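Morning, everyone. Please bring up the model on your screens, and we'll walk through it together.

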Amino acid sequence: MNNNSTTDILNSLSNEQLKRIKERIRSTQINVLLVGGTGVGKSSTINALFQSEGKEEAANIGDSTRPETMEITKYELNDNLTIWDSPGLGDSPEKDAEHSRKIIEALHKKDAHGKPLIDLVFLILDANSRDYGSAYELIKNVITPNLHTDDHDRLLIGLNQADQAMKGYHWIKNENRPDEKLIERLDELVLTVKDRIKESTD
């Protein structure tokens, strides 16, 4: 559907119809499973989301030698958004196997209607890292095989710590944004990640 068609449809709806649509969206329960390596900022992301809603931080943040999240942990951000934080991968092959099993169990959980509980898998990558091997393995061996065939578009990938992607250079601190050179670097990184994921999952 093109933008003009969408605009025409929205213009033809009454205020009452639009109100009902908004209420339906607000009442739709969304479950997001957060995955990624140890120390990529999953807990920090959860806390940032809570702060954006005017709430106190909810997730404990571990240090680099001791991951905080060891189980799938549930965070209810508001009435219709639930975030499931998973243990980070990359500590050891034994721990990774155990954590992968927990992620697979979460992907196979059903809601009260018998449908998959998890609506979206959000994989967080550290923009400051050059090693995404464990993330690609996670996608190839854990996430993709355990999503339903019509759910493969429910994987979202985010780059965290973008301000450190070039070791802190080219980040305009007083404006809290990247400059053109860093934007170019991040765009290149996005394309690299896309290509690697495509190679890993074909």
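Start with strand 1, residues 30–36, and strand 3, residues 81–85: they run parallel and are joined by 5 bridges. Strands pair if DSSP finds at least two bridges between them. Strands here are DSSP runs of E with at least two residues, helices are runs of H or I with at least four, and both are numbered from the N terminus. In this pairing, Val-32 stands opposite Ile-83 in strand 3.

A quick word on the source. This is a predicted model: local features need pLDDT of at least 70, side-chain atom pairs count only at pLDDT 80 or more, and totals for chains, interfaces and linings use all residues. Residues are numbered from 1 along each chain as its sequence is written, and side-chain values use heavy atoms, leaving out hydrogens and water.

Back to strand 1. Strand 4, residues 120–126, also runs parallel to strand 1, with 5 bridges joining them. There, Gly-36 stands opposite Ile-124.

Is strand 1 mostly covered or mostly open? Mostly covered: 6 of its 7 residues are buried. Buried means under 20% relative accessible area, exposed over 50%, and partly exposed in between, with a 1.4 Å probe and protein chains only.

Next, the loop between strand 1 and helix 3, residues 42–52, where Val-40 sits. Val-40 counts as buried because its relative accessibility is 9%. Its C-alpha atom is 9.0 Å from that of Leu-159, 119 residues apart along the chain.

Last stop: helix 6, residues 180–201, which holds Glu-188. Glu-188 is partly exposed, at 42% relative accessible area. Thank you.
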